[in-house]
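Dear colleague,

Here is the structure that I promised to pass on to you. My notes on what was found in it follow below, and I would be glad if you read them alongside the coordinates.

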Amino acid sequence: MRLEKYQSIIGGRLKHSGHDYVELANQYGTPLYIFDEASFRERILAYREAVKSTYFETDVLFASKALLTKAVARIIAELDIGQDVVSAGEIYTGVRHGVDPKRMYFHGNNKLNKEIRYAIDNRVGTIVVDNRMEVERISKIAAEFETKQRVLLRLNPGVEAHTHEYIMTANLDSKFGESVFDPEIYNIIQSMVVSPHLEFAGFHSHIGSQIFEADSFYKAASELLTFSAEVQKRLGILISEINFGGGFGVYYTQEDQPFDVIDFLPDFMEYVHQEAQALAIDLKKVTIEPGRSLVNASGSTLYEVGDLKHTASGKDYAFVDGSMNDNIRPALYQAKYEALAVNKADKPQEKVYTIAGKACESGDKIIEEIKLPILETGDLLLVNGTGAYNYSMASNYNRIPRPAMIHVNDEKHYLTVKRESFEEMSLREI
Ligand SMILES: Cc1ncc(COP(=O)(O)O)c(C=O)c1O
């Protein structure tokens, strides 16, 4: 397993900022989400700096679908970045824990009327309109509040990013956004411009997730800016903001070769400025919405090994006390991970195991075939790169309680999510 900068092997054991994972397991139990707060904070500050431009205002909006807890919301608020939200629940958590609603961008196809009401009532700064029917619904609700709601339109620029089909969102039959190639597109924009209850500011696009080619972002930017210039010409309006979404790829295994986002952002912002200037677009604001790349490398999951099984066909399973309940990604889109036996960190990796969870699904495998030291019941296995879309997608399938989460911030570690009890799992049931 590739170690993160906060991880080191000392005396045959893996440590997190000097803390022994075995001791963390003894104190907090397993399975356990472990989140390195220090590197998360560092990355936020680095993104904030890298995105700055002298030409226009910029903002980093954390795509909170990747990971949102009260503690994470408090960090977003403290470090003064915006929040991408996709539900009233995400708005609620952000607002309740200090995120400035003006810095929120509300996304999603089929936002419910009650969610739009909730957003406007809570003064969410920008709603990103997904489709033509939503224009009317948002206008009507803004009228009820006697307000003018700032909006962007989510565009689908048709740029294909090489990524898994399920997370490719800008292809032409995507469920998200309106296509720049749709013959109705100018009418849709016009309907936003003329609404007395909408303040149309510009466009948004998110071309997919886990993208490894920086070129895809340049291509999308070029398409969006060219389209913006055409809109300005045809409709006689000004485009003042473009939000380029998230999707920066991250490392899970050796197959992944992400580019350095911190190096990329200043060049990208310069490119956006140059292109916009050439096309006479007076951009006032440029925003990005990273989720995975801000949190993933800070998160890992610690499991205890239970039974070991050697099948008749010769496959070796190591069963762990977690499951697809705490990490659905391998079952959902064949996601791959690396792992390390933290109490045998310096032992030779001599046996191939499939790491399987305890849920009643054949697809409940966390890692298909990984070389590890000879495992025994009670060993502790750490899976890195689980910061994004693990906790936020967790479920109670099989009535399995969701794990606890701790934050590690250099010398301190503390609980941010309690382990779920049986009683808590059935609290809403009558
Ligand atoms: C609109 C939008 N913005 C941002 C993101 C965050 O993407 P990522 O976590 O890959 O950075 C997503 C993810 O699906 C998205 O749909």
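How far does a polar side-chain atom of D84 lie from a nitrogen atom of the ligand? The separation is 3.1 Å, which falls under the term polar contact (a pair of N or O atoms within 3.5 Å; within protein, one must be able to donate a hydrogen and the other to accept it, and residues adjacent in sequence count only if both atoms are side-chain atoms).

Please keep in mind that this is a predicted model, in which local features need pLDDT of at least 70 and side-chain atom pairs count only at pLDDT 80 or more, while totals for chains, interfaces and linings use all residues. Residues are numbered from 1 along each chain as its sequence is written, and side-chain values use heavy atoms, with hydrogens and water left out.

To continue with the ligand, a polar side-chain atom of E289 is placed 2.6 Å from a ligand nitrogen atom, and a polar backbone atom of G291 is 2.9 Å from an oxygen atom of the ligand. Of the 390 Å² of accessible area that the ligand has on its own, the protein covers 91% (Shrake-Rupley method with a 1.4 Å probe; for residues, only the protein chains shown count as cover).

The aromatic residues come next. The structure holds 20 aromatic pairs (rings of Phe, Tyr and Trp, the last by its six-membered ring, with centres within 6.5 Å; planes under 30 degrees apart count as stacked, over 60 as edge-to-face and the rest as tilted). In one of them, F217 and F248, the ring centres are 4.9 Å apart and the planes stand at 40 degrees, so the pair is tilted. Because F217 belongs to helix 8 (residues 214-235) and F248 to the loop between strand 12 (241-243) and helix 9 (261-278), this pair ties together parts that are 31 residues apart in sequence; helices (H or I, at least four residues) and strands (E, at least two) are DSSP runs, numbered from the N terminus. Both F217 and F248 are buried (under 20% relative accessible area, with exposed meaning over 50% and partly exposed in between; 1.4 Å probe, protein chains only).

Finally, some backbone details. The peptide bond from T30 to P31 is cis, with omega near -10 degrees, and P31 is located in the loop between helix 1 (21-28) and strand 4 (32-36). A280, although not a glycine, has a positive phi of about 60 degrees, and with 61% relative accessibility A280 counts as exposed.
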